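Please examine the structure shown below before reading the notes that follow it.

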Amino acid sequence: MRIAGIVQGVGFRPFVFRLAAELGLTGWVRNSPAGVELELQGRAEQLAGFRQRLQAELPPLAVISSLEFRDLPLLHDETGFVILASSDGRREPQIAPDSALCVDCLRELSDPADRRYRHPFITCTNCGPRWTIVTGIPYDRPLTTMAAFPLCPDCEAEYRNPLDRRFHAQPIACPDCGPRLSLVPGHADPLGQAIALLQQGLIVAIKGLGGYHLAVDACNNQAVARLRQRKQRDEKPFAVMVPDLVTARLLAELEELEERLLAAPEAPVVIVRSRTATPVAELVAPDSRWIGLMLAYTPLHQLLFADTGLKALVMTSANASDEPMLSDDAEAAEQLAGIADAILTHNRVIQVRTDDSVLRVVQGRPLFYRRSRGYVPRPVPLPFDAGKILAVGAELKNTVCLTRGREAFLSQHIGDLKNEATLDTFCRTIDHLGTIMEIKPELVACDRHPDYLSTRYAEELGLPLVRVQHHHAHMASCMAENGLDGDLIGVIFDGTGLGDDGTVWGGEFLVGGYGAVERAGHLKQVRLPGGDLAAREPWRMAAAWLWEPLGDGIWQLPGMPVLAATDRQLLQAVLERGINAPLTSSMGRLFDAAAFLVGAATRNSFDGQAGMALEALAEAAAAPELLLYRLQPGTPFQLDPAPLLLGLLQRLQAGESSASLARAFHAGLAAAVVDGCDLIRQETGLDRVVLSGGVFQNRLLSELVYTFLAKSNFSVFIHRLVPPNDGGIALGQAAIAARR
Ligand code: ZN
Ligand code: ZN
Ligand code: FE
């Protein structure tokens, strides 16, 4: 039998060994370049039983992607079943992602009689660090950052015993031979002291699996306020860690799928609905009905909660905003000195910095906001052979992608590629992913934007280069992960991306496939008054869209800032003539304008803030009458939102609630999407639609668009394996480059 998939370093061989022994089969198993090979001998029903139980009882971290078998001649002298040394040859390795502490290890961690009682680094073949400690391949202890910790005789015996649950578990250790905790400033009991500081409401930086977090007691408003002040982060919600599902249920109203995601080995942050009576401090997620929760996923995290009285901890990535989380000890000590009151660290090196993953349940299924720890480097299957391609992503929420045949390896979250620190992580991520997956790219794909640092990097590689339009890449990303091919309709709504005509796109109806697309329609273009400022101050977008119908009247809009006469004149000149005001069809900016008009948001202090506020407001309302928009036919057709915004103002003045109007805005837009797609269907006969772009992180909009389109007999596809935002764009770039 030849088995490929994630079958190395996940307890697969001991599992096979036990199964064969129980069924009375003889033969052997060994790691091979492509996965695992085994030879089995026994009666037909024993062999059938083996194949059935192999699938049914698979170890939790193992994934079988293919299984081949053939008959061999009888071996009359074979007795017993053995685990053989690995076979050599060309390998196509797959490394497992990091995995949350398993129940067996949790039990030992809490058992005073166990030799690993309260050992902060307890792991086994079913759990613990993987991707974050790999330095090279094959995946063996010497090529992990655990190489610095020689096994003691007891651990060695477990490691060598095929029947032990730690057989060949590379990261295992114990209090005698494992990594050690320390505290800065120094203390005899680092863990005890860190807990005491947290109990007092102080800020402790904690070294975790993929990097450092900043932690404070999430139930202490003053503590959270100090963290916000020191981290200079005013409003963006913090993620909260709780020890178990029981506690999670106290904080949030959980659906069944949300509970399953929280408790999964990937242990992501799941955005869930807060309870009204919650012990969590108001400042954790100001003005939000939602909260990002995760369960304590390492033994060290578990120990922070065990009998300490701490219920919930803010656990926010320790970094400058939009940079990847700090993972280097010296760097962390230097940069966190002014923020954290103490640093709880240890001497196991983090090889690959990896942020927490973030997702939310949309349409009854998980939707990624960020795909990182726990999921990387699990491959995304491609519908065709892509060869060896590197795709470098865009600029914001950057990730990169390397392909190997029909597998696409999307990297962990790298961050906003705007400075040297992030660029450095970007370069190292590409090198590391290439080394571990043994992929030497022969082709590189990048965004068409000439100024992105990722584009510049791609240009310097000296490889054949494919430049991909931003929204085409979004569309291809959704197509690829859904296994789609051929021509279809792409509805791509996001904040910003360079269009084919040199303007800023972001509200696009595209038609085509991987090879090429045409712009069939788009949101009507408008001036971006003040360039980058327009994305931070939503009133500017309201002014821009309403300038044509209202003129001077824009200054009477509720909530408009009071500007000096000269500033007003300047802005009006900008709107008239477009000085320092590029044209855009950005859907993200339309949401900003609507959020401002209904009073949901006055600023975007972080990406997507106004849009999220509008969505949250709309959620509370029953379905009102839609707001109407105007569809101007043509090639491309244009969606004019002015009537929609004016209608919103009128109904607001007539006394309708802002919640109801926020909802009417979402529903009106969803209806416009259907009409746009209908126009395209009439002309082309196409009826498959993919939805992509960061705006589709909006759960309400996604669900409305999906439902409306499905009712009109379209087949609708949304993202499931990668984020709809720019974090998923590298996958689309790679798919397009492969086809070209
Ligand atoms: Zn375990
Ligand atoms: Zn040991
Ligand atoms: Fe985008």
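## Basis of the report

This is a predicted model, in which local features need pLDDT of at least 70 and side-chain atom pairs count only at pLDDT 80 or more, while totals for chains, interfaces and linings use all residues. Residues are numbered from 1 along each chain as its sequence is written, chains are lettered from A and ligands numbered from 1 in written order, and side-chain values use heavy atoms, without hydrogens and water.

## The zinc site

The zinc ion (ligand 1) has C102, C105, C124 and C127 as its protein donors, each through SG and lying 2.3 Å from the ion. Donors are N, O and S atoms within 2.8 Å of the metal (3.2 Å for Na, K and Ca); water is not among the atoms, so sites may look incomplete. Along the chain these donors follow the spacing C-x2-C-x18-C-x2-C. C105 lies in helix α3 (residues 103-109) and C124 in the loop between α3 and α4 (153-160), so the pair ties together parts 19 residues apart in sequence. Helices are DSSP runs of H or I with at least four residues, strands are runs of E with at least two, and both are numbered from the N terminus.

C105 counts as buried because its relative accessibility is 0%. Buried means under 20% relative accessible area, exposed over 50% and partly exposed in between (1.4 Å probe, protein chains only).

## The iron site

H470 (NE2), H474 (NE2), D494 (OD) and D726 (OD) coordinate the iron ion (ligand 3) at 2.1 to 2.3 Å. H470, in helix α13 (residues 470-481), and D726, in the loop between β31 (715-717) and α22 (729-739), link distant parts of the chain, 256 residues apart. H470 is buried, with a relative accessible area of 0%, and D726 counts as buried at 11% relative accessibility.

## Helix α20

Helix α20 (residues 658-684) contains 27 residues, of which 19 are buried, so the helix is mostly covered. Just after α20, G685 adopts a positive phi of about 80°.

Note on methods: Expected span 1.5 Å × (residues − 1).
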